[in-house]
Amino acid sequence: MNSNPNPTKSLVKLTERNLSQLPSSVRVPRYDRSAVTPGIVHIGVGGFHRAHQALYMDNYLEQNPGSDWAICGVGLLEFDQKMRDALHAQDCLYTLVERSPAGDDARVIGSITQYLFAPDDREAVIATLADPQCRIVTLTITEGGYYVVEGTGEFDVNHPTIQHDLQNPEQPYGVYGFLTAALKRRRQQGIAPFTLLSCDNIQGNGDMVGRMLTTFAQHQNPDLGQWIAENVAFPNCMVDRITPATTPGDLAMVADQFDIDDAWPVVAEPFTQWVVEDRFCNDRPDLESVGVQMTDDVHPYEMMKIRLLNASHLLLGYLGSLKGYTYAHEAMADDQIRQAIAHLMDEVTPTLRPVPGVDIREYKQTLVERFSNPKICDQLARLCLNSSDKLPKFALGSVRDVLKQQGAIDYLSLTIAAWFRYLNGTDDHGQAMPIDDPMADTLIERARSGREDPSSLLNLTGIFGDLPQSSRFAETVTQHLHQLYESGTAATLARLL
């Protein structure tokens, strides 16, 4: 990205030295960043982490000057070189802009004080993870980053990255290789293990990453795997904040409105929530003091958020894209789509457990309002991104539960059918829709060859497992897909609503 999208305007380059030159409307760190040290290592520094966890910890550092709970960010992938370059040039500072119809609020976040790029120095990452100063490791590595075989829930031990890391334990590529190498070193040196906290949108994310890491370690060293299983804590947590991908327009907005030259700002909605299971093995900050909800049982919160917000995002992305919209708020202004989202939420609601202190009707209404925020400009393409990873986690569990309850699956099935139609790669007006998915080649081929017969896609057991054995599910998906091809999205919704 161009770090100065408006060369005719005098901008302040975002660095530690230049913080005092920023406009008074921009909030800057109110603590001495040189006096804080990182007790958290975060793997997968993207927009969401910078808008969510890093914000909470920025608030914490303001309340606790000199704290040892700053963040060291880590990038494992070659793709992360862009983040490395952006953060290193700005002393790991960046601008967070909260956008709503009421206005835009800008704040410089300082809680990330170090950033390591693993391809530059893998040993530095292992050493940092093994250092006793690191007591918590957090993850946002996307739903597809955990090497789980969808449909079975088993560990994907045959994945090339996993096989490389098992055979080259001192030069790992993947997350489990780095974590295991560090935990092995801590065990050998008598250092207590860190807590591993997944912050990705996966039901039971802590339980899942615990199973996957332990399985990986057992393949490498059974004794080490047993030690990890017995000593490392894997809390579950629920995270929530709509954070669209940063665009060149966002850089221009930050420059025009706040006079900041920031190579990679992040924008987000005002709403934020973080619910964490209070199960740590090696100290933790007082997260409650900055608004984190600590609980003994995260699952009701996770289920509510994943099955209502994330599943609705999928349907919104597919229907909106097929109708030719670009942004979520544009699609939500379409009454048909707005009603379909509401009906999907109603179908899912009977599968949810009671959530302490939450009125589900109000929560669903709040989601509609959040999706409709015109200032966020959340890209529908982002909502559709990596659907083969998201769909099993966000929607298929609801399908299974509703089928057991013998409830209606019209809109859950529509979500699947709309994805299949989306995979054809053109919208209802014949315009191209790029498919960004790790299984794109297979999915597109099957979607185009099958068209109105979804069996070739439903037979992907890595995604759907045994779900297509339900004739009601398969027939309903087939009916919707036929209508989407035959009549288009608007006519299909008109029949349903």
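**Stop 1: the helices around a pocket.** Select α7 (205-220), α10 (299-322) and α15 (387-405). Each of these helices supplies at least two residues of the lining of the second largest pocket. Keep in mind that this is a predicted model.

Now colour α15 on its own. The largest share of the lining of the second largest pocket comes from α15, with 8 residues. In total, 23 residues line this pocket. Its volume is about 510 Å³.

Which residues lie nearest the centre of the second largest pocket? Select Glu 150, Ile 202, Gln 203, Pro 392 and Lys 393.

**Stop 2: Ser 387.** Stay on helix α15 and pick Ser 387. Is Ser 387 buried or exposed? Ser 387 is buried, with a relative accessible area of 0%. Show its surroundings, leaving aside neighbours within four places in sequence. Ser 387 is in contact with Leu 314, Tyr 318, Pro 392, Trp 419 and Asp 437. Pro 392 is also one of the residues nearest the centre of the second largest pocket.

**Stop 3: Phe 371.** Move to helix α13 (residues 360-371) and select Phe 371. This side chain belongs to a buried residue: Phe 371 has a relative accessible area of 3%. Again leave aside neighbours within four places in sequence. The contacts of Phe 371 include Ile 242, Leu 309, Ser 312, His 313 and Leu 316.

Next, draw a distance from the C-alpha atom of Phe 371 to that of Pro 468. The two are 97 residues apart along the chain, and the separation is 31 Å.

**Stop 4: the cysteines.** How many disulfides does a search of the whole structure find? The search finds 0 disulfides. Check Cys 237: its nearest cysteine sulfur, that of Cys 199, is 4.0 Å away, and Cys 237 is in no disulfide. The cut-off for a disulfide is a pair of cysteine sulfur atoms within 2.5 Å. Cys 237 is buried, with a relative accessible area of 2%.

Finish on Cys 281. Its closest cysteine sulfur is in Cys 134, and the 10 Å between the two sulfurs is too far for a bond. Cys 281 is partly exposed, with a relative accessible area of 30%, whereas Cys 237 is buried.

Note on methods: Residues are numbered from 1 along each chain as its sequence is written. This is a predicted model: local features need pLDDT of at least 70, side-chain atom pairs count only at pLDDT 80 or more; totals for chains, interfaces and linings use all residues. Side-chain values use heavy atoms; hydrogens and water are left out. On a 1 Å grid over the protein atoms alone, a cavity is a set of points where a 1.4 Å probe fits but cannot get out, and a pocket is an open set with protein on both sides within 12 Å along at least five of seven lines; lining residues have an atom within 4 Å of a point. Grid points are joined across faces, edges and corners, and a volume is the space filled by probe spheres set on the points. Helices (H or I, at least four residues) and strands (E, at least two) are DSSP runs, numbered from the N terminus. Buried means under 20% relative accessible area, exposed over 50%, partly exposed in between (1.4 Å probe, protein chains only). Contact means heavy atoms within 4.5 Å.
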